[in-house]
Amino acid sequence: MSSDSATTSDLFQCTNCGECCKGYGGTYVTDRDIKAISDYTNTDQKEFVEKYCRMSGKKPVLVQGDNGYCIFWDKICTIHPVKPKMCKKWPFIESILIDISNWDIMAGSCPGMRNDFPDMEVEKCVTEELEKTGR
Ligand code: SF4
Ligand code: SF4
């Protein structure tokens, strides 16, 4: 199916399958994310970083639990209201605009993404969404 007026919800509806929360994918957390999640979980920020983050290069990423999922996954995202910026933005992320083929690659592992819309529609929706969420 194709459409010349696709919306973000046409292109993506999360099924909460948790696939994107599995494996060492490097969920980066910004300083603002750390503060928000620490507050939400009633954890001191320093303690939060020590307990729930690992450094990837110079950036902190969330650690995985023994089950291979993000430490905050428990059948759902347990920190959904304050989940990291990159989790909130998914799948409307900058790399789509750099190479549109990334949309199809990501859709291969995210059942919530549709990959039967024209590239121009995907680009339009990603651009609109990034204007709202910030880059
Ligand atoms: S893989 Fe896609 S559909 Fe599944 S939880 Fe993640 S964003 Fe939602
Ligand atoms: S913070 Fe939530 S949405 Fe992000 S990877 Fe962890 S469980 Fe998934």
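Around ligand 1 in this predicted model stand Cys-14, Thr-15, Asn-16, Cys-17, Gly-18, Glu-19, Cys-20, Trp-90, Cys-110, Pro-111 and Gly-112, a residue being near a molecule if its C-beta atom, placed from the backbone, lies within 6 Å of it. The shell of ligand 2 is formed by Cys-21, Thr-27, Leu-62, Cys-70, Phe-72, Trp-73, Cys-77, Ile-79, Lys-83, Pro-84 and Cys-87. The table divides both shells by class, where Ala, Val, Leu, Ile, Met, Phe, Trp, Tyr, Cys and Pro count as nonpolar, Asp, Glu, Lys and Arg as charged, and the others, Gly among them, as polar.

| Shell | Nonpolar | Polar | Charged |
|---|---|---|---|
| Ligand 1 | six residues | four residues | one residue |
| Ligand 2 | nine residues | one residue | one residue |

The protein chain is divided into domain 1 (21-86) and domain 2 (90-135), with bounds from an automatic or database domain assignment, and the centres of the two domains, taken over C-alpha atoms, are separated by 24 Å.

Helices α2 (residues 31-40) and α3 (residues 45-52) pack with their axes 9 Å apart, at an angle of about 100°; helices are DSSP runs (H or I, at least four residues) numbered from the N terminus, and axes are lines fitted to C-alpha atoms over the stretch in contact, with angles from 0 to 180 degrees between N-to-C directions. The helices α2 and α3 are therefore roughly perpendicular to each other (65 to 115 degrees). Their contact (C-beta atoms, placed from the backbone, within 7 Å) joins Ile-34, Lys-35, Ile-37 and Ser-38 of α2 to Gln-45, Phe-48 and Val-49 of α3, and its residues comprise four nonpolar, two polar and one charged.

Residues are numbered from 1 along each chain as its sequence is written, while chains are lettered from A and ligands numbered from 1 in the order in which they are written. In this predicted model, local features need pLDDT of at least 70 and side-chain atom pairs count only at pLDDT 80 or more, whereas totals for chains, interfaces and linings use all residues.

Methods:
Helices (H or I, at least four residues) and strands (E, at least two) are DSSP runs, numbered from the N terminus. Angles under 35 degrees count as roughly parallel, over 145 as roughly antiparallel, 65 to 115 as roughly perpendicular and the rest as oblique. Two residues are in contact if their C-beta atoms, placed from the backbone, lie within 7 Å.
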